[in-house]
Amino acid sequence: MSRQSPVQEEKTVGKPRRRRFLNWLWGGLAALACGEIVWFAGSLLKSRRRREEKRLALKLIDAGMVQNYKPGQVIAITDGSFYLACLDDGSFMALSRTCTHLGCSVPWDEKQQKFVCPCHGSTFDRNGSVLTAPAPRPLDYFPVRIENGLIRVDISTPLRRGSFSVSQAARV
Ligand code: FES
């Protein structure tokens, strides 16, 4: 039977201790790396949420106070590239400027009291309904809400419709 020298014995006894230390060290480093990854993912999500909130906040356009509009009035809101129409019953609609035929920008003709597309002659009434083809459907609209007399229009997504309905207009 061979006996180990005192130096060899010390080496063999020291090995498990070193291994345990290295395992502990690797475990610690792995935990630290996991923590870093979680922190990084969390901050990415947070900044994405903040950006999204900012984006949504920017899509809400103030179109003035209710008392500044008269029934029958149509005003171009340049900030949001839409028209705000005050309908005959005093309700409000925010209409897209984009023609539903081929996408030309449609101006409001004050004299004729209708939207007249310069490209192919489609016309639309004050609530965006088609008066003259070739436009296949009414002008898209944006949701309007009235807060303490202030008209606010959410321009994040234009809404398509097949026809006009009173539910598309906002009332005080
Ligand atoms: S784009 Fe408006 S009628 Fe054609």
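A charge is taken to sit over a ring if NZ of Lys or CZ of Arg is within 6 Å of the ring centre and within 35 degrees of the ring normal. In this predicted model, the charged end of Arg 97 meets that description, sitting over the ring of Tyr 83 at 5.1 Å from its centre.

**The aromatic cluster and the sheet**

Tyr 83 also belongs to a cluster, in which ring pairs link Tyr 83, Trp 108 and Phe 115. Both Trp 108 and Phe 115 are buried, and Phe 115, in strand E6, is the bridge partner of Trp 108. The two strands concerned, E5 and E6 (residues 114-116), pair in the antiparallel sense over two bridges. They are part of an open sheet of four strands, ordered E5-E6-E7-E8 and paired antiparallel, whose edge strands, E5 (108-109) and E8 (130-132), each pair on one side only. In general, strands of a sheet pair through backbone hydrogen bonds, in either a parallel or an antiparallel way.

**Two aromatic pairs**

The structure holds five aromatic pairs, among them a stacked pair formed by Phe 21 and Trp 24, with 6.3 Å from centre to centre and 25° between the planes. Both of these residues lie in helix H1, three residues apart, which is about one turn of the helix. Phe 21 is partly exposed, because its relative accessible area is 47%, whereas Trp 24, at 63% relative accessibility, counts as exposed. In the pair of Trp 108 and Phe 115, the ring centres are 4.8 Å apart and the planes stand at 65°, so this pair is edge-to-face. The table sets out the two geometries.

| Ring pair | Centre to centre | Angle between planes | Arrangement |
|---|---|---|---|
| Phe 21 and Trp 24 | 6.3 Å | 25° | stacked |
| Trp 108 and Phe 115 | 4.8 Å | 65° | edge-to-face |

Leu 32 has its place in helix H1, which spans residues 6-58.

Key: Residues are numbered from 1 along each chain as its sequence is written. This is a predicted model: local features need pLDDT of at least 70, side-chain atom pairs count only at pLDDT 80 or more; totals for chains, interfaces and linings use all residues. Side-chain values use heavy atoms; hydrogens and water are left out. Two strands pair if DSSP finds at least two bridges between them. Rings of Phe, Tyr and Trp (its six-membered ring) pair if their centres lie within 6.5 Å; planes under 30 degrees apart count as stacked, over 60 as edge-to-face and the rest as tilted. Buried means under 20% relative accessible area, exposed over 50%, partly exposed in between (1.4 Å probe, protein chains only).
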